[in-house]
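Work through the exercises below with the structure open. Try each task before reading its solution.

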Amino acid sequence: MSHGGVKTTKNGNGAQVESSREGSESLAPPPDGGWGWMVVFASFMIHIVTDGMTYSFGVFYAEFLTYFNEGKGKTAWIVSILVGVTLSSGPISSSFVNRWGCRSVTVAGAMLSAVCVVISAFANNVTTLIFTIGVGTGVGFGLIYLPAIVSVTVWFERYRSLATGIAVCGSGLGTFLFAPITSALISNYGWRGAMVIIGAFILNCIPLGLMFRPVPERPRTPVTEPMLPQQNKSPLKRSQSTEHVVRANGKIEEDVARLTLSQPALNKPQEQRHMSSRHGSGIMQRPDVLYQGSMTSLARLRGPSMERSQVSMKREERETRCGWLPCSDEFKIALSEMLDVSLLIDPIFILFSLSNFLTSIGFYIPYVYTVPMSESLGIENPPYLISIIGASNLVGRVILGYISDKPWVNRLLAYNICLTIAGISTALAMACWEFWGLALYATAFGFTIGAYVGLTSVVLVDLLGLEKLTNAFGLLLLFQGIASLIGPPFAGWLYDTYKSYAPGFYVAGGTISLSGIILFLIPVLERRNNRSRWNQNTDMESI
């Protein structure tokens with residue numbers, strides 16, 4: 001049915017959508033409220049439980065060292081594999097969300113991770129824990145994390161940065177709460193009893209996941225695209241972070257997630273989108289689904305023709321790239337997207353990926369080794385140091401997210417400075433020998449490392465553009481997953497070799513600070529690219 005040049009059709013779920021004669025199809029804008037705030041609450045609580053366990057695992061680590069009396073390097077593989085599997089399961093979670101929706105995937109992940117944690121209570125060696133906690137719980141958390149973020153972003157547009165900021169603040173609060181809670185549970189029930197109780201905590205993610213209702217589909221008023229001159233259909237100029245030309249208003253708050261987002265299949269041809277809608281939500285097809293900032297300014301920056309031109313180019317690239325794969329298969333498409341290495345020819349992305357890899361090597365070492373290192377110094381109540389990291393991390397995410405939204409702030413510069421400070425403070429922690437000195441370190445580290453967790457994707461959008469966010473994040477997750485497998489076990493091996501925690505903290509401090517320092521080269525590369533682009537344009541005009 002058509003109305004004045006606008007055709008109304010039904011998608012695979014029976015919801016009406018409208019498209020102009022140019023063939024553009026659009027759904028209703030997100031409600032920006034209503035049940036969406038219940039979704040935010042559910043995501044907030046899920047982050048408390050899942051991240052609370054992950055980031056406070058150092059308390060269990062210290063207990064495992066005493067109980068099993070195995071090497072620190074081998075014992076550290078438990079949490080390293082937990083984090084690495086969580087990150088690497090992104091494509092699986094993405095394809096499941098597309099097919100079955102956020103609620104079903106979250107419930108399945110909660111059940112799997114809870115069962116694996118409870119089974120861990122019966123483990124008799126570290127190897128068993130590597131499989132039950134590292135692999136089993138890692139897959140379960142991977143299935144939980146992605147829907148917890150995506151469910152919030154699809155409900156909000158104007159208030160997206162606020163909504164996602166509130167949701168992922170549960171990560172810092174969970175770290176703050178779970179360290180002393182875990183310590184108390186171990187003291188009263190032993191580590192096996194604590195495992196069973198925490199497994200029961202994770203079951204709370206089931207009713208919380210059921211709150212992830214899909215957004216009601218309503219038709220929206222179509223916007224017919226005006227004809228624009230050809231020169232306006234040029235690629236986006238990268239970069240708010242390096243040149244302050246424009247500013248995407250986006251307060252980014254994401255965990256490990258950080259750590260947990262994946263490489264979904266985006267921009268399918270229309271018929272494939274409809275086919276996916278019949279089987280699931282298909283929400284992972286949106287190019288902005290991983291962007292956790294406000295979309296208001298991005299919408300002003302990106303005209304409809306420019307957006308559609310880039311989506312069309314992206315679609316053609318995919319059809320060429322996955323010609324050897326059955327592109328109707330959700331998982332294989334997601335996997336082919338994750339393995340898209342075309343960005344690896346971009347020196348800016350290569351440098352940013354190297355920085356992320358170095359950060360991820362050192363990121364988890366303080367979370368794992370602060371408690372046993374403090375115990376070796378005879379410090380009382382070492383789990384509270386993890387709580388301080390969590391609390392300051394929460395405050396850091398909020399403040400850095402707010403400041404990075406200001407047009408006068410260079411977000412890349414803020415990101416670089418924070419990483420450098422986080423690394424230097426980690427190395428200097430070895431000069432502390434009492435609780436208050438380590439508490440000062442925990443405060444500095446937690447606050448500044450919030451930039452790594454909170455600003456990574458917004459800086460990616462600044463540097464590469466929104467349309468490349470999903471592919472870029474998929475490759476970054478691959479690098480982060482590999483790096484997370486290196487850091488804690490390597491620090492444990494250093495202790496086993498030198499009988500000191502200092503080398504591990506020096507490695508963490510060196511890699512994190514170096515990851516921030518090398519990013520100061522990005523403006524240099526950007527100026528060189530702009531100069532080369534200007535010379536090419538000048539040569540073309542002269543011809």
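**Exercise 1. Compare the span of helix 14 with its expected span, then decide how enclosed it is.**

Solution. 
- Helix 14 covers residues 365–376, which is 12 residues. Helices here are DSSP runs (H or I, at least four residues), numbered from the N terminus.
- From first C-alpha to last, helix 14 reaches 16 Å. That is close to the 16 Å expected at 1.5 Å a residue. The expected span is 1.5 Å times one less than the number of residues.
- Now burial. Buried means under 20% relative accessible area, exposed over 50%, and partly exposed in between (1.4 Å probe, protein chains only).
- Just after helix 14, Gly378 has a positive phi of about 80°.

The model is predicted: local features need pLDDT of at least 70, side-chain atom pairs count only at pLDDT 80 or more, and totals for chains, interfaces and linings use all residues. Residues are numbered from 1 along each chain as its sequence is written, and side-chain values use heavy atoms, with hydrogens and water left out.

**Exercise 2. Describe how helix 13 packs on helix 19.**

Solution. 
- First, helix 19. This helix has 16 residues and reaches 22 Å from first C-alpha to last, close to the 22 Å expected. Its buried residues include Phe505, Ala508, Thr511 and Ile512.
- Next, the geometry. Axes are lines fitted to C-alpha atoms, for helices over the stretch in contact, and angles run from 0 to 180 degrees between N-to-C directions.
- The axes of helix 13 (residues 347–363) and helix 19 (residues 502–517) come within 8 Å and cross at roughly 155°. That makes the two helices roughly antiparallel, a label for angles over 145 degrees.
- The crossing is left-handed: the near helix is turned anticlockwise from the far one by less than a right angle.
- Finally, the contacts, meaning heavy atoms within 4.5 Å. Helix 13 brings Ser355, Leu358, Thr359, Ile361, Gly362 and Phe363. Helix 19 brings Ala508, Thr511, Ile512, Leu514 and Ser515.

**Exercise 3. Which residues make the contact between helix 4 and helix 6?**

Solution. 
- Helix 4 (residues 90–120) and helix 6 (residues 160–203) pack at about 170°, with axes 8 Å apart. Helix 4 is therefore roughly antiparallel to helix 6.
- On helix 4, the contact residues are Ala110, Ser113, Ala114, Val117, Val118 and Ser120. On helix 6, they are Trp191, Met195, Val196, Ile198, Gly199, Ile202 and Leu203.

**Exercise 4. Locate the largest nonpolar core and trace the contacts of Ile449.**

Solution. 
- A nonpolar core is a set of buried Ala, Val, Leu, Ile, Met, Phe, Trp, Tyr and Cys residues joined through side-chain atoms within 4.5 Å.
- The largest one has 118 residues. Those with the most contacts inside it are Phe60, Phe64, Phe352, Tyr369, Tyr415 and Ile449.
- Helix 17 (residues 435–464) gives the most to this core, with 16 residues.
- Leave out residues up to four places away in sequence. Ile449 then touches Phe363, Tyr367, Asn393, Leu419, Ala422 and Ile512.

**Exercise 5. Is Ser392 buried or exposed, and what does it touch?**

Solution. 
- Ser392 lies in helix 15. Its relative accessible area is 8%, so Ser392 is buried.
- Not counting residues up to four places away in sequence, Ser392 touches Ala442, Thr443, Gly446 and Phe447.

**Exercise 6. Which residues does Trp37 contact beyond its sequence neighbours?**

Solution. 
- Trp37 lies in helix 1 (residues 36–55). With a relative accessible area of 34%, Trp37 is partly exposed.
- Setting aside neighbours within four places in sequence, Trp37 contacts Phe156, Leu162, Ala163 and Ile166.
- Trp37 and Ile166 are 129 residues apart along the chain, and their C-alpha atoms are separated by 9.9 Å.

Methods
Angles under 35 degrees count as roughly parallel, over 145 as roughly antiparallel, 65 to 115 as roughly perpendicular and the rest as oblique.
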